[in-house]
Amino acid sequence: MFKENKESSGKSREFLTAASTTIAKGDALVFSSGYVTPAQSTDTSACPIVIACEAVTTWADAHNKINGLIVDPTMEFIVD
């Protein structure tokens, strides 16, 4: 889980989630076919990466909206 260490207000953006996906607040997300999905350890070259600002669960054939922060070099995170 990633937690912001500095204030990043105004950097939150809305994305659509991949279908059949569970995302927890603080999850690292990557883009897959235009939708965000939880990052896996095999996503070593996925860019850009997004940190989920909220939890969302989507069902089959559904793409829900989720707020996330696009990671940039000015941001600092605490990672557990």
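A nonpolar core is a set of buried Ala, Val, Leu, Ile, Met, Phe, Trp, Tyr and Cys residues joined through side-chain atoms within 4.5 Å, where buried means under 20% relative accessible area, exposed over 50% and partly exposed in between (1.4 Å probe, protein chains only). The model shown is predicted: local features need pLDDT of at least 70, side-chain atom pairs count only at pLDDT 80 or more, and totals for chains, interfaces and linings use all residues. Residues are numbered from 1 along each chain as its sequence is written, and side-chain values use heavy atoms, with hydrogens and water left out.

**Figure 1. The largest nonpolar core of the protein has 8 residues.** Its members are Phe15, Ile23, Leu29, Val36, Val50, Ala52, Val56 and Ile66. In soluble globular proteins, nonpolar side chains tend to be buried together. Valine 36, leaving aside its neighbours within four places in sequence, is in contact (heavy atoms within 4.5 Å) with Phe15, Leu16, Thr17, Ala18, Ile23, Leu29, Val30, Phe31 and Ile66.

**Figure 2. Phenylalanine 15 and phenylalanine 31 form the aromatic pair of the structure, which holds 1.** The arrangement is edge-to-face, with 5.6 Å from centre to centre and 65° between the planes. Rings of Phe, Tyr and Trp (its six-membered ring) pair if their centres lie within 6.5 Å; planes under 30 degrees apart count as stacked, over 60 as edge-to-face and the rest as tilted. Because phenylalanine 15 belongs to strand β2 and phenylalanine 31 to strand β4 (residues 28-32), the pair ties together parts that are 16 residues apart in sequence. Strands (E, at least two residues) are DSSP runs, numbered from the N terminus. Phenylalanine 15 is buried at 13% relative accessibility, whereas phenylalanine 31, at 35%, is partly exposed.

**Figure 3. Strands β4 and β5 run antiparallel and are joined by 4 bridges.** Two strands pair if DSSP finds at least two bridges between them. Leucine 29 stands opposite proline 38 of β5. Strand β5 (residues 35-38) presents Val36 and Pro38 on a covered face, and Tyr35 and Thr37 on an uncovered one. The hairpin of β4 and β5 has 2 residues between the strands, and serine 33 takes a positive phi near 55° there.

**Figure 4. Threonine 21 lies in the loop between β2 (12-16) and β3 (22-23).** With a relative accessibility of 7%, threonine 21 is buried. A polar atom of its side chain lies 2.9 Å from the backbone oxygen of alanine 18, and the side chain of threonine 21 also reaches the backbone oxygen of alanine 19, at 3.0 Å. Not counting residues up to four places away in sequence, threonine 21 touches Thr37, Pro38, Val56, Thr57 and Thr58.

**Figure 5. Serine 20 and aspartate 61 have positive phi values.** Most residues other than glycine have a negative phi. Serine 20, in the loop between β2 and β3, has phi near 55° and is exposed at 55% relative accessibility. Aspartate 61 has a phi of about 60° and is found in the loop between β7 (56-57) and β8 (65-70). Its relative accessible area is 77%, which places aspartate 61 among exposed residues.

**Figure 6. Model confidence has a mean pLDDT of 82 for the protein.** The pLDDT is the predictor's confidence in each residue, from 0 to 100, and 72% of the residues reach 70 or more. Among the elements, β3 has the highest mean pLDDT (96) and strand β1 (residues 2-4) the lowest (61). Where pLDDT is low, the predicted coordinates should not be read in detail.

Note on methods: Polar contact = N/O pair within 3.5 Å; in protein donor to acceptor, adjacent residues only side chain to side chain.
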